[in-house]
Amino acid sequence: MERIEKTQELNELFSAYQSLFTEKQIEYFNLYYELDYSYQEIADQYGVSRNAIFDMLKKVEENLYLYEEKLKMVEMRKKRIELLNNYMETKDISYLEALKRMDE
């Protein structure tokens, strides 16, 4: 997966599951994935090793994929948006019915 695509995917997952992480994990994630800081820049800012930052972000990444695998919040959001868009384009009520079934 290309770095930009991976970053987009991780940011999308993080927006759904951010509340499951510690304050420090959230800070590191935001600095690295949103503000494009390097591991070393984050390490210098927090007085820890570059490897500590790498390990923490790797753990966050693994947990994001695990949470999505189990909870499927992002996948379900995408399906809801797709159904709503299809309904808006076609006015076919079956898309709304499918949307309603998703919540049952």
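In this predicted model, the buried residues of α3 pack against α2 (23–34) and α4 (50–71), contact being defined as heavy atoms within 4.5 Å. Helices are DSSP runs (H or I, at least four residues) numbered from the N terminus. Helix α3 spans residues 39–46, and its buried residues are Y39, I42 and A43; buried denotes under 20% relative accessible area, exposed over 50% and partly exposed in between (1.4 Å probe, protein chains only). Seen down the axis of α3, these residues fall within an arc of 100° and so line one face of the helix, the arc being that of the directions from the helix axis to the C-beta atoms. After α3 comes G47, with a positive phi near 70°.

The structure holds nine aromatic pairs. Rings of Phe, Tyr and Trp (its six-membered ring) pair if their centres lie within 6.5 Å; planes under 30 degrees apart count as stacked, over 60 as edge-to-face and the rest as tilted. The pair of F21 and Y67 is tilted, because the ring centres are 5.7 Å apart and the planes stand at 55°. F21 lies in the loop between α1 (3–17) and α2, and Y67 in helix α4, so this pair ties together parts 46 residues apart in sequence. F21 is buried at 8% relative accessibility, whereas Y67 is partly exposed at 21%.

Y39 and F54 form an edge-to-face pair, 5.5 Å centre to centre with 85° between the planes. This pair links helix α3 to helix α4 across 15 residues.

Residues are numbered from 1 along each chain as its sequence is written. Local features need pLDDT of at least 70 and side-chain atom pairs count only at pLDDT 80 or more, while totals for chains, interfaces and linings use all residues, and side-chain values use heavy atoms, with hydrogens and water left out.

Notes. Helix = DSSP H or I, 4+ residues; strand = E, 2+ residues; numbered from the N terminus.
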